[in-house]
Amino acid sequence: MKLFDTDKPFFKGNLHCHTTNSDGKLTPEECKAFYREYGYDFLSITDHRKLSEETHMEDGMLVLCGMEMDYYLPGEVVHLVGVGLSQELNQHDVSRNMQSYIDLANRYDGRVIIAHPAWSLNTVTTLSGLHGLTAAEIYNSAS
């Protein structure tokens with residue numbers, strides 16, 4: 001099995017990271033500088049419940065607007081990471097309903113990733129009830 005096609009460009013990025021705007025250790029500027037220093041092509045700062053700056057290119061790195069939302073259910077927590085989001089999302093209350101967050105992110109051309117489902121103890125029932133997700137995070141250095 002061929003995992004990577006060497007005839008196509010390879011892009012290195014991070015779609016799930018936090019800064020001092022939520023529970024991270026670096027400021028947004030320090031975070032961007034860190035990933036730029038290590039040769040990342042793209043980054044999405046996805047602080048909890050706080051939309052990051054508008055998507056833009058910065059010193060050769062694509063910085064995608066993002067935000068992580070968390071929803072507490074009995075026995076589990078659902079973390080949804082939105083990337084490529086629009087500032088228009090700020091006009092809506094997405095704090096109470098997981099599906100409305102996914103739907104609005106998709107409406108505004110963003111994408112939503114289910115974050116660390118094993119660490120969050122997400123059940124098959126919960127995950128199969130969510131529609132419009134783009135991906136599932138399978139590795140997270142903290143969980």
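What share of the contacts in the protein with a separation of 6 or more comes from residues 24 or more positions apart? Such residues account for 49% of those contacts, a contact being heavy atoms within 4.5 Å. This is a predicted model, in which local features need pLDDT of at least 70 and side-chain atom pairs count only at pLDDT 80 or more, while totals for chains, interfaces and linings use all residues. Residues are numbered from 1 along each chain as its sequence is written, and side-chain values use heavy atoms, with hydrogens and water left out.

**Overall form**

- The protein has 3 helices and 7 strands, taken as DSSP runs numbered from the N terminus (helices: H or I, at least four residues; strands: E, at least two).
- From the N terminus on, the order of elements is β-α-β-β-β-β-α-β-α-β.
- The radius of gyration of the protein is 15 Å, which agrees with the value near 15 Å for a compact globule of 143 residues; it is taken over C-alpha atoms, and the globule rule is 2.2 Å times the number of residues to the power 0.38.
- Of the 143 residues, 40% count as buried (under 20% relative accessible area, with exposed over 50% and partly exposed in between; 1.4 Å probe, protein chains only).

**Strand 6 and its partners**

- Strand 6 (residues 111-115) is mostly covered, as 4 of its 5 residues are buried.
- Strand 5 (residues 76-83) pairs with strand 6 in the antiparallel sense over 5 bridges, where pairing requires at least two DSSP bridges between the strands.
- Within that pairing, I114 in strand 6 has L80 opposite.
- Strand 7 (residues 135-136) pairs with strand 6 in the parallel sense over 2 bridges, and A135 in strand 7 is the bridge partner of I113.

**Nonpolar cores**

- The largest nonpolar core has 19 residues, and those with the most contacts inside it are M67, Y71, L80, L85, L89, V94 and Y101; such a core is a set of buried Ala, Val, Leu, Ile, Met, Phe, Trp, Tyr and Cys residues joined through side-chain atoms within 4.5 Å.
- Strand 4 (61-73), strand 5, helix 2 and strand 6 each supply at least two residues of this core, and helix 2 gives the most, with 5 residues.
- Another core, of 7 residues, lies apart from it and includes C17, C31, Y35 and L43.

**Q99 in helix 2**

- Q99 belongs to helix 2 (residues 98-107).
- Not counting residues up to four places away in sequence, Q99 touches G129, L130 and H131.
- A polar atom of the Q99 side chain lies 2.7 Å from the backbone oxygen of H131.

How values were computed:
A polar contact is a pair of N or O atoms within 3.5 Å; within protein, one must be able to donate a hydrogen and the other to accept it, and residues adjacent in sequence count only if both atoms are side-chain atoms.
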